[in-house]
Amino acid sequence: MNSDSLTASAAVRPAESAVAAPDTRAVLFDLDGTLVDPAGAITLGIVHALNVHGIEIPDQEVLDSFVGPPLATSLASLPGVTEALIPSIVEEYRQRYLAEGMAASQVYPGIEKLLGTLNAAGVVCAVATSKPTGLAERLLEIQGIREHFAAVHGSPEDESIPHAGKGPILGAALEAIGLDPAAGPLAETAPDATVVMVGDRIFDVDGAADHGLRCIGVRWGYAPAGELEAAGAYPIVSTAERLEDALASAGILDRAPQKAHAPGSVRFVAPRSRQTID
């Protein structure tokens, strides 16, 4: 199998089953800006790499917009960055990020507790990130939260090659936890499953929509003002505690005795109109 393929970029805990129960409850999480605060590690690494190559440094708002999408795609938008330069800039960035950035990053407040709550409730958690899977795995291990996830899916390891967005990454993550997005809309193929995406950027919302999923937006990430609302994230939350409330409202977490569902009823959480929970 090609090591740069999305399929090969999956990392699944050996003890986890690849067969989903009919009533699977699952949450797919973005990584940077959702689970982990890069704390400037990504943007400072980019500044370093651009300086090395004599490229003019954009303002902070532009740098912050690089957190989320594929790095090669973001770099290509900068004046002076040619296609030929991108692999060298990416390599310089990656070396700086490996040396300093991962350790400087921090898990957002309340996230580790929330992950423990989800695990204890039997909710399947997975990571779907534009970061290369190898880097994502290493970051999660360094931050001490890898054990909470049944699967980690990211982009191919070569960050200098633009990829097709988060839709395929989410699809691969869904497949890894035993669902089959290729068979058709999940609301039809897995009507008793309840699955949502959680992310901080439009790319998460759009990737979720590719599979008929709702994306819960988190306010603490790197989206420019109004981006999540315009993209249709629902709801949008400002703390991990509010995220837990939103997951309970979506049917992921039970806060009351389990209620019976009518045979064949669809509990798949599809996109809805925007709403903010502060």
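Analyst: Happy to! Let's begin with a pair of helices: α4 and α6 are roughly parallel to each other, because an angle under 35 degrees counts as roughly parallel, one over 145 as roughly antiparallel, 65 to 115 as roughly perpendicular and the rest as oblique. The angle between α4 and helix α6 (residues 133–142) is about 20°, and their axes are 10 Å apart. One caution: this is a predicted model, where local features need pLDDT of at least 70 and side-chain atom pairs count only at pLDDT 80 or more, while totals for chains, interfaces and linings use all residues. Numbering runs from 1 along each chain as its sequence is written, and side-chain values use heavy atoms, with hydrogens and water left out.

User: What are the helices and axes here, and how many helices and strands does the chain have?

Analyst: Helices (H or I, at least four residues) and strands (E, at least two) are DSSP runs, numbered from the N terminus. Axes are lines fitted to C-alpha atoms, for helices over the stretch in contact, and angles run from 0 to 180 degrees between N-to-C directions. In this chain there are 11 helices and 10 strands.

User: In which hand does α4 pass α6, and which residues make the contact?

Analyst: A crossing is left-handed if the near helix is turned anticlockwise from the far one by less than a right angle, and right-handed if clockwise. Here α4 passes α6 in a right-handed crossing. Contact means heavy atoms within 4.5 Å; Arg94, Tyr97, Leu98, Met102 and Ala103 of α4 make it with Leu135, Arg138, Leu139 and Ile142 of α6. By class, the contact of α4 with α6 has seven nonpolar, no polar and two charged residues. In that scheme Ala, Val, Leu, Ile, Met, Phe, Trp, Tyr, Cys and Pro are nonpolar, Asp, Glu, Lys and Arg are charged, and the others, Gly among them, are polar.

User: At what angle do α1 and α4 pack?

Analyst: Helix α1 (residues 41–52) packs on helix α4 (residues 86–104) at about 135°, with the axes 8 Å apart. The two are therefore oblique to each other, and α1 passes α4 in a right-handed crossing. On the α1 side, the residues in contact include Ile42, Gly45, Ile46 and Ala49, and on the α4 side they include Ile89, Tyr93, Arg96 and Tyr97. The contact of α1 with α4 holds nine nonpolar, three polar and two charged residues.

User: Why does Tyr93 count as buried?

Analyst: Buried means under 20% relative accessible area, exposed over 50%, and partly exposed in between (1.4 Å probe, protein chains only). Tyrosine 93 has a relative accessible area of 4%, so it is buried. For contrast, glutamate 61 in helix α2 (residues 60–64) is exposed, because its relative accessible area is 61%. Over the whole chain of 278 residues, 49% count as buried.

User: Which residues have the most contacts inside the largest nonpolar core?

Analyst: A nonpolar core is a set of buried Ala, Val, Leu, Ile, Met, Phe, Trp, Tyr and Cys residues joined through side-chain atoms within 4.5 Å. The largest one has 56 residues, and Phe29, Ile46, Leu75, Leu118, Phe149, Leu243 and Leu247 have the most contacts inside it. A second, separate core has 24 residues, among them Ala176, Ala190, Ala193 and Val205. Setting aside neighbours within four places in sequence, isoleucine 46 is in contact with Leu63, Phe66, Leu71, Leu75 and Tyr93.

User: Which residues of α11 are buried, and what covers them?

Analyst: An α-helix has 3.6 residues a turn, so residues three or four places apart point the same way. In helix α11 (residues 240–249), the buried residues are Ala240, Leu243, Ala246, Leu247 and Ala248. Their cover includes β2 (25–29), α5 (111–120), β7 (194–199), β8 (215–218) and β9 (236–237).
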